[in-house]
Amino acid sequence: HTPEDAVAHYVRHLGDEISKQAKPFIRELADEWVEYKKADTTLTKRFLIEVNAHARFIKRKWGDLKPDEPKRNQIDVLIKGLKISNNTRRKYLRFIRMFFKWVVEEGHIAKNPTDGIKFKPDDFTADFYTPVETSKLLRYVVEHHKDLVGYFALLTFAGLRPSEGERVQWQDYSPKVNELFIRAGKTGARHIILEPAAVA
């Protein structure tokens with residue numbers, strides 16, 4: 001290389017170092033991210049609690065680093081090393097990815113380091129109440145929480161998820177065709193035809 005090339009390379013190096021020094025630490029960005037999320041009035045209190053918890057995790061693991069220092073493989077290995085289920089790993093990854101996406105949008109880095117990281121969900125296993133147990137549960141609801149009878153009946157006899165049952169209103173039910181409209185939420189809107197037991 002020529003002396004001019006060497007000088008140009010050195011000047012670029014100095015510029016990169018100055019730019020790196022000017023970048024905030026991840027601990028500062030994590031706090032700003034939490035404040036940004038808190039300003040969104042559409043988010044639930046539960047979601048904001050999770051944002052706070054994951055921001056603390058991010059600060060603990062990478063707080064003293066600049067935003068361009070954590071690398072994809074480092075993040076991948078760190079999450080894999082946590083003694084948790086794959087479903088919980090996916091939740092950690094979701095919030096870490098969300099944070100770095102915000103950092104990209106703020107102009108601190110050019111690319112999200114979590115791109116390409118994936119974890120398979122755990123195999124689904126579920127326990128089911130027996131008819132006797134279901135009867136006891138519904139009897140208890142009738143005796144102690146009458147205002148929740150409709151909610152538990154929909155979950156039990158129409159197979160609704162708890163979040164879907166929370167969104168149901170009387171006007172969503174059409175008695176002429178026994179059809180129930182499930183309002184859009186995390187799972188999207190849908191129509192279901194109720195079985196006679198659910199109608200009753």
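This is a predicted model: local features need pLDDT of at least 70, side-chain atom pairs count only at pLDDT 80 or more; totals for chains, interfaces and linings use all residues.

Me: Which residues touch the most other members in the largest nonpolar core?
Reply: W33, I58, W62, I75, I96, F99 and F100. The core has 25 residues.

Me: Which helices each supply at least two residues of this core?
Reply: α2, α3 (45–62), α4 and α5. The largest share, eight residues, comes from α5.

Me: And what does the second, separate core include?
Reply: L154, L160, L180 and I182 are among its eight residues.

Me: Back to the helices. At roughly what angle do the axes of α2 and α5 cross?
Reply: Roughly 95 degrees. Helix α2 covers residues 26–38 and helix α5 residues 86–105. Their axes come within 10 Å. That angle makes α2 roughly perpendicular to α5.

Me: Which residues make the contact?
Reply: From α2, I26, L29, A30, E32, W33, Y36 and K37. From α5, F95, M98, F99, F100, W102 and V103.

Me: New topic: D76. Where is its place?
Reply: D76 lies in helix α4, which spans residues 72–80.

Me: Does it count as buried or exposed, and why?
Reply: D76 counts as buried, because its relative accessibility is 11% and the cut-off for buried is under 20%.

Me: What does D76 touch, not counting residues up to four places away in sequence?
Reply: I117 and F119.

Me: Now the sheet. What is the order of its strands?
Reply: β1-β2-β3, with antiparallel pairing. The sheet is open and has three strands.

Me: Which strands stand at the edges?
Reply: β1 (173–174) and β3 (190–193). Each has a single partner strand, so one side of each is left without a neighbour in the sheet.

Me: How many bridges join β1 to β2?
Reply: Two. Strand β2 covers residues 179–182, and the pair runs antiparallel.

Me: What stands opposite Y173?
Reply: L180, in β2. L180 is also one of the residues of that second, separate core.

Technical notes
Residues are numbered from 1 along each chain as its sequence is written. Side-chain values use heavy atoms; hydrogens and water are left out. Helices (H or I, at least four residues) and strands (E, at least two) are DSSP runs, numbered from the N terminus. Buried means under 20% relative accessible area, exposed over 50%, partly exposed in between (1.4 Å probe, protein chains only). Contact means heavy atoms within 4.5 Å. Axes are lines fitted to C-alpha atoms, for helices over the stretch in contact, and angles run from 0 to 180 degrees between N-to-C directions. Angles under 35 degrees count as roughly parallel, over 145 as roughly antiparallel, 65 to 115 as roughly perpendicular and the rest as oblique. Two strands pair if DSSP finds at least two bridges between them. A nonpolar core is a set of buried Ala, Val, Leu, Ile, Met, Phe, Trp, Tyr and Cys residues joined through side-chain atoms within 4.5 Å.
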